[in-house]
Amino acid sequence: IERFAPNLNSLAGESTLVYQEKAREVAARGVKVINFGIGQPDVPTPAVAREEAKLALDQGFTGYTSALGLEELRQAVADDLKERLGSDVRKEEVIITPGAKMSLFLAFAAFVAPGDEVLLFDPAFYSYAEVARLLGARPTYAKMRRESGKGFSIDLEDVQSKLSPKTKMIVLNNPSNPTAALLDKKEVEGLAQIAKERGILLLSDEIYDHFIYEGEMASSLDDSSWRDYVIYVNGFSKTFSMTGWRLGYVVADSSVIKKMGTLAANTYTCPNSFAQRGALGAFRAKGEVQQMVDLFKRRRDVIYGELSSLKGVSLDKPRATFYAFLEVTQVLKTTGWSAKQFSIKLIEEKGVVTIPGDVFPENVGRNYVRLSFALAEDKIREGTKRIAEFVRESL
Ligand code: PLP
């Protein structure tokens with residue numbers, strides 16, 4: 001049957017999976033693959049979360065929950081935001097969803113209509129543009145600027161110039177996948193100002209907000225008038241290494257959350273019951289989260305140390321997330337490859353997986369590859385050694 005809805009035909013498959021597939025082929029030939037492609041922490045989910053989920057299962061806590069999620073968990077999210085950011089959030093302003101991706105989907109589905117424009121930053125997490133298009137909206141882009149040595153930042157003047165009367169929403173990802181940028185207070189406040197003045201929503205995906213190595217988090221919830229324009233998204237996947245549990249959340253004005261609850265009730269009903277009980281436990285694992293962040297900071301130092309001195313490529317020190325966004329322009333120019341071809345050849349010839357920057361729309365990523373450093377130090381050293389050989393042989 002090929003009678004798909006027209007917008008579905010424009011949806012890209014999860015393009016990062018192509019590189020994992022290629023890696024499996026290479027591994028089957030007996031090559032020891034080093035995988036910088038995976039966007040998830042490699043540490044176990046905290047024991048308290050696992051224990052709570054097991055207990056919930058044994059207690060028969062296996063039925064539907066409220067479409068909005070467990071009240072205790074919504075309260076725990078509000079308490080956590082109060083503690084971490086000092087933001088006043090009530091549980092009525094929180095919905096728990098099956099993963100942050102579903103939080104994002106609810107935000108788009110609640111507000112974006114055919115013909116609307118959605119302003120994204122270039123480069124952006126790949127699914128924003130896909131979901132916008134699925135709903136009949138058009139993604140437009142403001143470029144992130146890179147200052148060598150400092151990394152990426154946003155350009156508020158460019159944002160202003162890319163807005164039109166059709167722009168419904170600005171989508172921000174801070175800290176940013178794939179650039180590892182951490183926006184400062186001035187940038188976030190500037191965006192807030194623009195959104196408020198122009199009557200545009202700010203969808204702020206802050207899922208990497210625990211992974212900060214230098215600088216301070218400027219959250220969209222810092223502004224006390226956030227209820228007027230912010231749709232805040234975060235989740236359990238990265239912070240608590242719970243990617244497979246599928247739990248995320250939205251914070252927004254209670255009227256928005258109510259609508260999202262209606263959307264939830266008519267689509268997925270509710271998030272997983274016993275996973276939510278586990279998530280309640282996760283909030284008690286702050287020490288383990290800190291240990292993970294400390295571990296990732298050491299790994300960040302290793303990957304930066306190895307790649308920043310390499311001739312022919314360029315890397316700014318990642319200040320946040322667990323990604324290194326490596327510029328490979330010189331190699332691409334010399335060889336005539338695209339970033340995609342660079343990544344494929346690197347897997348085939350050296351057994352090293354990276355994600356080419358051109359999967360992150362729109363244009364800026366074309367000269368980059370993304371490396372996740374959520375893997376053991378010895379693997380980072382071995383992988384970067386092979387990358388160094390590959391770059392040397394290519395130039
Ligand atoms: N937002 C960003 C920026 C991400 O990088 C990811 C995961 O890669 C997600 C959202 C999705 O998170 P979840 O696994 O909770 O759906």
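**Backbone geometry and overall fold**

R246 is found in the loop that runs between β8 (230-235) and β9 (248-251). Please note that this is a predicted model. The phi of R246 is near 60°, a positive value in a residue other than glycine. Most residues other than glycine have a negative phi, and most peptide bonds are trans. Is R246 buried, exposed or partly exposed? R246 counts as partly exposed, because 19 C-beta neighbours lie inside 10 Å, and a buried residue would need 20 or more.

T269 lies in the loop between α9 (254-265) and α10 (273-282). With 12 C-beta neighbours inside 10 Å, T269 counts as exposed.

Let me turn to the peptide bonds. The bond from D122 to P123 is cis, with omega near 10°, and P123 sits in the loop between β3 and α6. A cis peptide bond also joins P361 and E362, where omega is about 10°. E362 belongs to the loop between β12 (355-356) and β13 (368-372).

Next, helix α6. Which residues of α6 (residues 127-134) are buried? They are Y128, A129, V131 and A132. These residues cover an arc of only 165° around the axis, which puts them on the same side of α6. Their cover includes α5 (100-111), β3 (117-122), β4 (138-147) and β6 (167-173). After α6 comes G136, with a positive phi near 85°.

Q40 lies in the loop between β1 (34-35) and α3 (47-58) and is partly exposed, with 14 other C-beta atoms within 10 Å. Neighbours within four places in sequence aside, Q40 is in contact with T243 and A374. The C-alpha atoms of Q40 and T239 are separated by 9.6 Å, although these residues are 199 apart along the chain.

Finally, the whole chain. The protein chain has 14 helices and 13 strands, and buried residues make up 48% of its 395 residues. Among contacts between residues at least 6 apart in sequence, 72% join residues at least 24 apart. The radius of gyration is 21 Å, which agrees with the value near 21 Å for a compact globule of 395 residues. In UniProt, an unreviewed entry lists residues 32-387 as "domain: Aminotransferase class I/classII large". Over residues 32-387 the chain is 40% helix and 17% strand, and the end C-alpha atoms are 14 Å apart.

Conventions: Residues numbered from 1 in each chain as written. Predicted model: local features only at pLDDT ≥ 70, side-chain atom pairs only at ≥ 80, totals over all residues. UniProt positions renumbered as here; feature names shortened; annotations may be inferred. Helix = DSSP H or I, 4+ residues; strand = E, 2+ residues; numbered from the N terminus. Rg over C-alpha atoms; globule rule 2.2 N^0.38 Å. Contact = placed C-beta atoms within 7 Å. Arc of directions from axis to C-beta.
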